[in-house]
Amino acid sequence: MDECGNESTFELLVRIIDSEGPFWTDFPNDLEVACTEEIPEERPSAADNCSAVTDIDFVDEITDQSCPETYIIRRSWTARDGCGNATTDYQFITVVDEEAPTILFADEYISAYEDGDDVFIDCAEYGVITQLDYGVVAFDNCSEEVDIQFTFEDFGQFDCEADGYSGYIETHWTATDACGNSTTATLNWFLVDNTPPQLQGVPADACVTSLPPVPVVNGIDECDFVLVELTEVAPISCTDGQYVDRTWTATDACGNMATATQRIFLGDTEPPSITINYPNLTGLPSGSNGIVASD
């Protein structure tokens, strides 16, 4: 309007358009969690330059899964304003399985022991400790199924006198989970031999007219080789003639010994004969029925 009262009117129509999505005021960092942990939900916050933020939501997608319990979650967070404009950004959550299974000695033969124990047993039990495939159970914090492998290593014979044991064996159980994490439990077995060997083929005592050949007598042992030695004494006089003692001694590698003796009597082995000297009975065989007339 001017000084004389004249006026003019101008109209301007302005259209306000909201084409920008919200912006993040706080957004969660990338995370690494163990497979036993719950996946966290740390929500972001957002604002908009024109209107209120009406919705913030996420969608998870699993990527880079190297095993059942090791993978990456790509979490897509989306914020929307009142005009439907959306902003999307990603949070990466890495789930890892780095813990190996736990092994428990379950078989009653080994249940009292712990990993790495030294165990001294009789060498006769060698066959038991090499058959302990199912002697343990394994548990894992993430995997439902755990593979168990059993192996043993025999280090051969040892000098009992020098080492105190005749053999040494290691048994190993290796448990592996679905992600390849593994643990091994070991027992160290020392074989001791306190049991003497046995002699086989020792003949019984005998009465003979002449000394027989020496028979073959064997020694057996559950743990070691056996040396069998024969000792024969010179004939010893006795009431009815002479006798000879043959003694076999079996010795194993750990010095345990067993002995057995055969006594052989040398002399007259023929039994005495009986002669009937009676009238009318002379010459009758043994067991005959005889009738004798009385005077």
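This report describes the fold, the disulfides, the salt bridges and a few local features of the structure above.

The model is predicted, and for that reason local features are reported only at pLDDT of at least 70 and side-chain atom pairs only at pLDDT 80 or more, whereas totals for chains, interfaces and linings use all residues. Residues are numbered from 1 along each chain as its sequence is written, and side-chain values use heavy atoms, with hydrogens and water left out.

## Overall architecture

The protein chain contains 2 helices and 19 strands, where helices (H or I, at least four residues) and strands (E, at least two) are DSSP runs numbered from the N terminus. Of its 295 residues, 30% count as buried; buried means under 20% relative accessible area, exposed means over 50%, and partly exposed lies in between, with a 1.4 Å probe and protein chains only. The chain exposes about 19500 Å², of which carbon and sulfur atoms supply 48%, the areas coming from the Shrake-Rupley method with a 1.4 Å probe and, for residues, only the protein chains shown counting as cover. Among contacts (heavy atoms within 4.5 Å) between residues at least 6 apart in sequence, 57% join residues at least 24 apart.

Strand β6 (residues 86-96) pairs with β2 (residues 31-34) in the parallel sense over 4 bridges, two strands being taken to pair if DSSP finds at least two bridges between them. Strands β5 and β6 run antiparallel and are joined by 10 bridges.

## Disulfides

A disulfide is a covalent bond between the sulfur atoms of two cysteines; it is assigned here to a pair of cysteine sulfur atoms within 2.5 Å. By this rule the count comes to 3 disulfides, which are listed below.

| Disulfide | S to S distance |
|---|---|
| Cys35 and Cys142 | 1.6 Å |
| Cys67 and Cys179 | 1.9 Å |
| Cys160 and Cys254 | 1.7 Å |

Cys35 and Cys142 form a disulfide whose torsion about the S-S bond is about 80 degrees, so the link is right-handed. Cys35 lies in the loop between β2 and β3 (45-47) and Cys142 in the loop between β9 and β10 (147-157), so this pair ties together parts that are 107 residues apart in sequence. Cys35 is buried at 17% relative accessible area, and Cys142 is buried at 15%.

The link of Cys67 and Cys179 is right-handed, with 85 degrees about the S-S bond. Here Cys67 belongs to strand β4 and Cys179 to the loop between β11 (167-176) and β12 (182-192), so the two tie together parts that are 112 residues apart in sequence. Both Cys67 and Cys179 are buried.

A disulfide also joins Cys160 to Cys254; Cys160 lies in helix α2 (residues 160-163) and Cys254 in the loop between β18 and β19, so parts that are 94 residues apart in sequence are tied together. Cys160 counts as buried at 14% relative accessibility. By contrast, Cys50 is in no disulfide, the nearest cysteine sulfur being that of Cys83, 7.1 Å away. Cys50 counts as exposed, with 51% relative accessibility.

## Salt bridges

Side chains of opposite charge can pair when their charged atoms come close. With a salt bridge defined as a side-chain nitrogen of Lys or Arg within 4 Å of a carboxyl oxygen of Asp or Glu, a search of the whole structure finds 6.

One of them joins Asp55 to Arg80, with the closest N and O atoms 3.6 Å apart. Asp55 lies in strand β4 (residues 53-67) and Arg80 in strand β5 (residues 70-81), so the pair ties together parts that are 25 residues apart in sequence. Asp55 is partly exposed at 32%, as is Arg80 at 36%.

In another, the side chains of Arg246 and Glu232 meet at 2.6 Å, N to O, linking strand β18 (residues 241-252) with strand β16 (residues 226-232) across 14 residues. Arg246 counts as buried at 2% relative accessibility, whereas Glu232 is partly exposed at 37%.

## A loop residue

Asn256, in the loop between β18 and β19 (257-266), counts as buried at 15% relative accessibility. Leaving aside neighbours within four places in sequence, Asn256 is in contact with Asp193, Asn194, Thr195, Pro196, Pro197, Ala250 and Thr251.
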